Amino acid sequence: MSSCSADTGAAPVVIQQYADADGQTYFALAVTAPEGHVANVNRHILLIDTSASQTGQVRESALRIVSQVLAQLSPKSEVQIFAADVSCKSLTQGFVGSASKDVNDALHKLSMRTPLGTTNLKVAFGRLADHVAVGEPTSVLYIGDGLTSANMLQQNELNELVEHFVSNQASIHSLVIGPNANNELPAILANLTGGTVTTPAHGKELSIATMSAKSLQTAPLSVQAFAVDGRSVKSAGSRMHMLRSDRHCIVLGTGQINNFAKLTALTDAGEKISWSSDVCQRSEGGPELRHLVDRVRTSNGVNAPLASLKMLTDGSNQFAKFVQDSVAASKYLSRRGQTREAVKIAERAAKMDTSNQELKAILTALQQPPAVPDAQPPAVGADSQNSGTAKNPDPLSDVEARLQLEAQILAAQTNAAIDDARRISFDQPDFATNILKDVLDTVQASSDISPDVRSELERRVIAALSSVHHQQESNALKSKHIARDEAVQEAQRKLLAEQDQEEVRLSILIDQVRGLLDRAAHGDINGFENAETVSRTALDLKPGNGPATQALVMSEALGQLSKAYRLVNLRHDRFLATLYQVELSHVPFPDEPPIQYPPADVWRALTLTRVPRYESFDLRSEKPVEKWLQQMLKKPVPLLDFPGDTPLKEVMETLSTYFTTTYGDDGGSTGTDFRMTIWEDKAELELEGLTSLEDVTVTDINFEGITLQNALKLIFEQTVEPELTYVIQNEVFMITTLAKAESDDNLVTRVYPVADLVIPPVQLGGGGGGGFGGGQQGGGGGQFSVPPEITEMLENAASDGISMDTVKHVKKKPLLK
């Protein structure tokens, strides 16, 4: 296990100092907080990387660590779990108990989540900042490779993010895991917020989970300043320092820290914490301290990826290795005559290590003109072996130096390519990708460098590629946003244009209403109603519009007033006309010729004659079979005795057999060769869940002698769900639902002739009597004569209640005068 947070074996206070050639002293003060000054944390946020890099063994290790960390937390702890890749999604509904069912569901969702895309830590940490509670300490545990987001977060964005976390007492811890991990951003966040950074190894998940759970439940201690025996320690940054008991907090600054009796820290709460010189350990620092102090100072304390004493030691070793490799590369290039490249590498290293005498000597030698070789032959008797050795140095040493130089050159080319790719990644991400791919191919094909160096260079190039890809995705997302904004603007322009058109149309409609009202005022009685119609159109075009509403009110009011005035005038006119009729009715007139009316029996006879002649008929073409079926509805049914529940189909088949046998093709009279066919409307019945009439039952059927129409009415009244009935259609009795039978498709238009009721009556008398009176051949008086067809109809209607005596009475009854 390689841990960046555990500084086991080191003293509570460690001081490293370095003085450069100008006499300036730089220091690194590493301090741990005492055990009794830390508080507990019960709210935790877990952020798990689910990008495409977290697959295979890495993903399995991450899932095991998450489960074991949750198991190690206190029962009082509350957790919220997030999954981060291109976006950040919460897997729990807010904070839930660490041992609750919601956490198990979240772990299941996490295990089922497919690793895709790259990780956008800028979005992820921004999302977490919204879920940090104000005034309550919270710890955040990030599990991932730490890639792609260091270049996405600008210094001001990182500064705002850190300020938000610190002000809300949130510390960020990281478990950096992955095939190409980068702990730079996790280390910066841990250093500034009081978290920890750990790089777990496979098989050590349980111990890492235990240590991480303990770190998550321990709050950092905010320190404003340090003092040595009352004298302030001048730190490089202006930020508060976050002390922890499980790792060293690194404070970088300038100035000499001499031997002291007591080191004092002033906390944010005003409390003072002291360390005696007995727990202090001193060591010699290197030129890397100057480089780190400058880096912290230029970034105002943000760019300081030192979250433990081990990180400071690893950084010192990497710095020293870089300087040594630069010296070896400069010497190798100088021997090969590549002076310019050698000077460039040496100057770059000398800027970082100003006190390195070997680099100064190399630069001095490279900047002098080359020495003129001695043209004289060697002296006689000179040592030929020594001469040969001077001309041909040790081949093994030269090969080793060449390998080191090749590694330095390749590293320099790789760094230059990465810098160029990062510089142009925003404007030309495709070109930056091609540059990095070429460098990656070169690194992978190089055989003159050690595998460790090749692996490190590959890791750096892959990390840069991931950053460029992320930049490319960011550019694509920005392009989408720009396109969306343009679409919104275009939609707004169209909306404004449509609104202008509506205003023009509304203005035209209002003018039209004004013109119609003017026409109505000059005698057009329909102008008010037309104006009301146009006003409603305008109001529908723009509901709530003031002018349109006013136009509608005015047109309605004026229209109603106009109608009222016209009705008053009409009432006055009709009143005068009525008075005229009253006066006219008082004018006497002679009773010649007299008006005579037939008796009531004659009117009854006339009514009976209209029944067969003027029956209603419909406009559709009715087939003979359908007419026969209509006639069968008036026929009596046989004895129908079906006790208990009987299928409707059995009853209908009994009726069909009887009427077909009695009146149809088997037993009917000539011209009635028809069959009564029962047809099921299967499509409609299936919609109601019925397969056939077998599924419908009727109860206690016992009829005899009633008409078929009434029998069917009583039978179908027993069908409730659904309600069934019959229609005569397509030459069959079709059994269907009541809703289908009463639909518009089955409506029939019927016509009733009324011509004889509106045609003036024929003069039934003779002569000059006129009207219904008159006598024979011009004589007056006489008797009313009944037409022959009426007399015949009355004689045939004796069964309907009209006796022959009545007929004779009608014949002999004199007319009333």
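Which are the buried residues of helix 5? They are L185, P186, A187, I188, L189, A190, N191, L192 and T193, where buried denotes under 20% relative accessible area, exposed over 50%, and partly exposed the range in between (1.4 Å probe, protein chains only).

## Basis of the description

The model is predicted: local features require pLDDT of at least 70, side-chain atom pairs count only at pLDDT 80 or more, and totals for chains, interfaces and linings use all residues. Residues are numbered from 1 along each chain as its sequence is written, and side-chain values use heavy atoms, with hydrogens and water left out.

## Overall architecture

The protein chain contains 25 helices and 24 strands; these are DSSP runs numbered from the N terminus, helices being H or I with at least four residues and strands E with at least two. Of its 817 residues, 41% count as buried. The accessible surface comes to about 45400 Å², and carbon and sulfur atoms contribute 53% of that area; such areas come from the Shrake-Rupley method with a 1.4 Å probe, and for residues only the protein chains shown count as cover.

Among contacts in the protein chain with a separation of 6 or more, 71% involve residues 24 or more positions apart. Contact here means heavy atoms within 4.5 Å.

## Helix 5

Helix 5 spans residues 184-193 and is mostly covered, with nine of its 10 residues buried. G194 follows this helix and has a positive phi, near 90°.

## Aromatic pairs and a charge over a ring

Eight aromatic pairs are found in a search of the whole structure. Rings of Phe, Tyr and Trp (its six-membered ring) pair if their centres lie within 6.5 Å, and planes under 30 degrees apart count as stacked, over 60 as edge-to-face and the rest as tilted. One of the pairs joins W628 and F674, whose ring centres are 5.7 Å apart with planes at 45°, so this pair is tilted. Because W628 belongs to helix 18 (residues 624-632) and F674 to the loop between helix 19 (648-663) and strand 20 (678-680), the pair ties together parts that are 46 residues apart in sequence. W628 is buried at a relative accessible area of 2%, and F674 is buried at 17%.

The rings of F659 and Y663 have centres 5.9 Å apart and planes at 25°, so this pair is stacked. F659 and Y663 are four residues apart in helix 19 and hence separated by about one helical turn. F659 is buried, with a relative accessible area of 0%. Ring pairs link Y658, F659 and Y663 into a cluster.

Elsewhere, the charged end of R43 sits over the ring of F95, 3.7 Å from its centre. This arrangement requires NZ of Lys or CZ of Arg within 6 Å of the ring centre and within 35 degrees of the ring normal.

T646 lies in strand 19 (residues 640-647) and counts as buried at 5% relative accessibility. Neighbours within four places in sequence aside, T646 is in contact with V651, V696, T697 and V698.

K627 is placed in helix 18 and is partly exposed, with a relative accessible area of 44%. The C-alpha atoms of K627 and E731 are separated by 8.9 Å, although these residues are 104 residues apart along the chain.

## M554 in helix 16

M554 is found in helix 16 (residues 546-585) and is partly exposed, with a relative accessible area of 40%.
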